[in-house]
Amino acid sequence: MKLVRYGNPGREKPGLIDADGKLRDLSGVVPDIGPAQLSPAVLAKIRKANPAKLPLVRGKPRMGCPVAGVPKFIAIGLNYADHAAESNAPIPKEPIVFMKATSCIQGPNDPVMLPKGSVKTDWEVELGVVIGTTARYVSRKDALSYVAGYCVINDVSEREYQLERGSQWDKGKGCDTFGPIGPWLVTADEIPNVQRLGMWLDVNGERMQTGNTKTMIFDVATLVSYVSKFMTLQPGDVITTGTPPGVGLGMKPPRYLKKGDVVTLGIDGLGEQRQDIVGYKAG
């Protein structure tokens, strides 16, 4: 299933994309798509609904983050060997784990706002993993059974804040609007091999990133198992799993986003995003 949340910010409704690509309203089946709706039992209930009998949503409403009330936004750094190389960083012996502030989460096509005074805001197409069942000290063998589904994420990053303002990556990762998620949450049963997904990102129509999840250093099962040893993973938690090469930081000379740029990105089977880059606005 392709599950969505659509409508104005803070007032999104649950929806489903049917086999014809049409948006259907799920409000009569579930109140929202959030932690309480990601369990196997509730997903099975949604699956039983006949899409043809669900109300058709006309027009092209805004898409919000497909998961409401994300408890934790967990990120993995340098998880593609070629990206580590372009960043002049060693290949990690264990996954690098940091957090993105949940306040940075937004819809997949909402504008990305440059932080006040920023000159090094960068792009990163990433596979997002959404947890459906509480996971604590899970084995790699069982890890994927705790996953509700997958989505596209742009792990927008301010490199000066991340790398030149101390050792805490979080400072460059959680700025407002730096977490576009969606357009859909694709349930795990529709992704037969999560380690064979092509991914791409363009800036102003120019291809910057081309990659595939098969080149991850630590695969999704390893990441879920690993993170569950350090913190309890809860339904609705999102893990963004690293980016392939082609980020602005790795270019010679480096290239960063500026007001007026347009970023588009996507992953096979998980949909596409589009963000206009706008200047800082107080409030």
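Buried means under 20% relative accessible area, exposed over 50%, and partly exposed in between, with a 1.4 Å probe and protein chains only. The model is predicted, so local features need pLDDT of at least 70 and side-chain atom pairs pLDDT 80 or more, while totals for chains, interfaces and linings use all residues. Residues are numbered from 1 along each chain as its sequence is written, and side-chain values use heavy atoms, with hydrogens and water left out.

**Exercise 1.** Classify Lys2 and Glu190 as buried, partly exposed or exposed, and state what their side chains form.

*Solution.*
- Step 1: Lys2 has 24% relative accessibility and counts as partly exposed.
- Step 2: Glu190, at 37%, is partly exposed.
- Step 3: The two side chains form a salt bridge, with 3.9 Å from N to O. A salt bridge is a side-chain nitrogen of Lys or Arg within 4 Å of a carboxyl oxygen of Asp or Glu.
- Step 4: Lys2 is in strand E1 (residues 2-6) and Glu190 in the loop between strands E13 (185-187) and E14 (198-203), so the pair ties together parts 188 residues apart in sequence. Strands (E, at least two residues) and helices (H or I, at least four) are DSSP runs, numbered from the N terminus.

**Exercise 2.** Find which residue pairs with Asp189 in a salt bridge, and where the partners lie.

*Solution.*
- Step 1: The partner is Arg47, with the closest N and O atoms 3.2 Å apart.
- Step 2: Arg47 belongs to helix H1 (residues 40-48) and Asp189 to the loop between E13 and E14, 142 residues apart.
- Step 3: Asp189 is exposed at 52%, whereas Arg47 is partly exposed at 39%.

**Exercise 3.** Decide whether Asp202 and Arg207 are each buried, partly exposed or exposed.

*Solution.*
- Step 1: Asp202 has 10% relative accessibility and is buried.
- Step 2: Arg207 has 45% and is partly exposed.
- Step 3: Their side chains meet in a salt bridge of 2.3 Å, N to O.
- Step 4: Elsewhere, salt bridges with shared partners join Lys100, Asp122, Glu124, Asp155, Arg159 and Lys173 into one network. The structure holds 20 salt bridges.
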